[in-house]
Amino acid sequence: ARQVSVQLRCDGNTAEVSIVDDGLGFDERSARRQADGLGLISIQERARIAGGTMCVVTEVGKGSKIKVRIPLTRETAVPV
């Protein structure tokens, strides 16, 4: 990627981090199945434990966007 943008926003009771790049993009299904990387799985699991969500928008040759939303209140977090 030549450019990467990282934004953190707080809106009321929700925090959102958004990471956007103009890189090569990737096939999300294939990336989730590969045993040599846990990046997406780890981000999604951490968001879930905190009561949040993760969204990935990517296409080969067109860059990637990952957005994580997490509530700022502990009541919605999953007990560990």
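With which side chain does the side chain of Glu16 make a polar contact? The partner is the side chain of Arg69, at 3.1 Å, where a polar contact is a pair of N or O atoms within 3.5 Å, and within protein one atom must be able to donate a hydrogen and the other to accept it, while residues adjacent in sequence count only if both atoms are side-chain atoms. This is a predicted model, in which local features need pLDDT of at least 70 and side-chain atom pairs count only at pLDDT 80 or more, whereas totals for chains, interfaces and linings use all residues. Residues are numbered from 1 along each chain as its sequence is written, and side-chain values use heavy atoms, with hydrogens and water left out.

**The sheet**

- Four strands form an open sheet in the order E1-E2-E4-E3, with antiparallel pairing; helices (H or I, at least four residues) and strands (E, at least two) are DSSP runs numbered from the N terminus, and two strands pair if DSSP finds at least two bridges between them.
- The edge strands are E1 and E3 (53-58), each of which pairs on one side only.
- Neighbouring strands of this sheet are turned by 10° against each other on average, direction ignored, with axes taken as lines fitted to C-alpha atoms, for helices over the stretch in contact, and angles running from 0 to 180 degrees between N-to-C directions.
- In general, strands of a sheet pair through backbone hydrogen bonds, either parallel or antiparallel.

- E3 and E4 run antiparallel and are joined by six bridges, with Val57 standing opposite Lys65 in E4.
- Five residues lie between E3 and E4 in their hairpin, where Gly61 in the turn has a positive phi of about 85°.

**Buried and exposed residues**

- Strand E1 (residues 4-11) is hardly covered, as the count of buried residues among its eight residues is zero; buried means under 20% relative accessible area, exposed over 50% and partly exposed in between, with a 1.4 Å probe and protein chains only.
- Glu16, found in strand E2 (residues 14-21), counts as buried because its relative accessibility is 11%.
- Leaving aside neighbours within four places in sequence, Glu16 is in contact (heavy atoms within 4.5 Å) with Gln7, Leu8, Arg9, Lys67, Val68 and Arg69.
- Ser18, which also lies in strand E2, counts as buried because its relative accessibility is 8%, and its contacts, not counting residues up to four places away in sequence, are Ser5, Val6, Gln7, Lys65, Ile66 and Lys67.

**Helix H2 and the core**

- Helix H2 (residues 39-49) lies across E3 and E4 (64-71), running at about 150° to E3.
- The largest nonpolar core is made up of six residues, Leu40, Ala47, Met54, Val56, Ile66 and Val68, and H2, E3 and E4 each supply at least two residues of this core.
- A nonpolar core is a set of buried Ala, Val, Leu, Ile, Met, Phe, Trp, Tyr and Cys residues joined through side-chain atoms within 4.5 Å.

**Cysteines**

- With a disulfide taken as a pair of cysteine sulfur atoms within 2.5 Å, the count comes to zero disulfides.
- Cys10 is exposed, with a relative accessible area of 58%, whereas Cys55 counts as partly exposed at 41% relative accessibility.
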